[in-house]
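Work through the exercises below with the model open. Try each task before reading its solution.

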Amino acid sequence: MTKELTREEYYKALEKAVNEVILSMTGTRKDVAKRLLLGAVVGRNATEIAQEAEMDYETVLNNLDKAAQAKLIEVVKKLVGDHPVLLIVDDTHDHKLYARAMPVSRNGAQIFYCRAHKRFEPAIQLLVIGVKDLVNNQIYVIHIIAYIPRKVEEELKRRGEEVKFKTKIDALLEFLSSLSGLNVKSKVFDSWYVNSRTLQGNTVGELKSSARVVEGGRSVPVSEFPQGEYLVEYLGTPIKLLVIDDYKGYGRRYFFSTDLNDTAEDIITTWENRWDIEVLIRELKALGLEGGSFLTWVRNSGFVALKALSLLVVQYFKYSTGLMLGAKRLARLIKSIYREAGGIKKLFKRRRKP
């Protein structure tokens with residue numbers, strides 16, 4: 001720990017964190033929302049959340065449906081204020097090891113090959129959007145949503161589920177209209193998100209080696225460019241192309257920015273900030289993101305949203321106390337705090353010292 005606080009200060013920091021985050025859970029009673037959030041911080045699945053929150057299991061399930069409507073971005077807007085932020089986009093597989101996914105489960109799980117486990121496993125595809133505060137270098141998740149390919153939509157419709165086909169590009173573009181109020185200086189994503197609709201102002205990304213750009217009226221594969229910087233056009237948008245022969249041992253890479261005034265250093269710095277979202281995803285999984293596997297699409301979405309909200313509680317608590325610890329260790333500390341208070345239900349009913 002980097003900062004010594006009294007137990008009372010820890011109580012107050014935790015109370016403030018929870019009270020800020022529950023503002024996004026408009027469809028849930030405040031007392032229920034508080035217990036759900038704290039239960040989700042330390043409980044991996046719905047059963048553990050119910051036990052920790054001292055709530056009936058059915059009540060937890062019913063409130064997961066409401067949690068699906070929570071707006072994480074509204075919490076983060078208050079956290080970052082008018083600080084300049086970098087918008088970072090990525091996706092991940094949310095493994096659901098007990099889902100019956102042959103070919104698709106009711107909650108949208110499909111079979112994927114997991115490189116980490118070296119086997120085929122059922123998983124849901126999640127779009128994760130975060131912002132990095134460029135003043136204090138903290139990163140927060142502002143949106144997390146499942147997206148599905150056409151084959152999954154067809155299967156779910158056949159089973160009576162109300163789910164619309166949505167690619168990750170569609171989900172991203174739909175969300176961008178919600179950024180009003182955030183001081184977004186730049187957006188960054190990898191080559192899987194690059195198309196004519198995402199090449200907007202102040203965007204940094206990477207092109208595949210097969211991409212063709214226009215230079216001097218000629219369509220040229222980027223693989224033919226020697227190392228250096230070039231002003232070219234891609235999919236009708238002027239870009240600055242940065243070719244690097246061997247990027248940190250990963251071979252030839254093709255980075256770009258839609259801001260033609262960006263230097264090579266600007267592009268690389270923005271690109272390397274993108275990796276912070278990987279840390280965010282690991283923290284989400286450490287808090288039990290993959291611990292829920294439900295029969296309906298909405299309930300599964302609600303569980304994902306609740307886990308993202310619980311990470312915001314942990315982060316808010318972390319930054320207000322100055323504790324430089326990972327999410328898992330902070331979750332254990334938070335658990336000890338509310339247990340010392342006599343349980344979650346008593347945590348916010350304590351008599352304050354003058």
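**Exercise 1: Helix 10 and its end**

The model is predicted: local features need pLDDT of at least 70, side-chain atom pairs count only at pLDDT 80 or more, and totals for chains, interfaces and linings use all residues. Residues are numbered from 1 along each chain as its sequence is written, and side-chain values use heavy atoms, with hydrogens and water left out.

Task: find how far helix 10 reaches from its first C-alpha to its last, and how many of its residues are buried.

Solution. Step 1: take the limits. Helix 10 covers residues 297-321, which is 25 residues. Helices here are DSSP runs (H or I, at least four residues), and strands are E runs of at least two, numbered from the N terminus.
Step 1: compare spans. Helix 10 reaches 37 Å, close to the 36 Å expected at 1.5 Å a residue. The expected span is 1.5 Å times one less than the number of residues.
Step 2: check cover. Buried means under 20% relative accessible area, exposed over 50%, partly exposed in between (1.4 Å probe, protein chains only).

**Exercise 2: Salt bridges**

Task: state which parts of the chain the Glu52 and Lys335 pair links.

Solution. Step 1: apply the criterion, a side-chain nitrogen of Lys or Arg within 4 Å of a carboxyl oxygen of Asp or Glu. The structure holds 17 such bridges.
Step 1: take Glu52 and Lys335, whose closest N and O atoms are 3.4 Å apart. Glu52 sits in helix 3 (residues 46-53) and Lys335 in helix 11, 283 residues apart.
Step 2: compare cover. Glu52 counts as buried at 14% relative accessibility, while Lys335 counts as partly exposed at 26%.
Step 3: turn to Arg253 and Glu206, with closest N and O atoms 2.3 Å apart. Arg253 lies in strand 11 (residues 253-257) and Glu206 in strand 6 (residues 203-207), so this bridge ties together parts 47 residues apart in sequence. Both Arg253 and Glu206 are buried.
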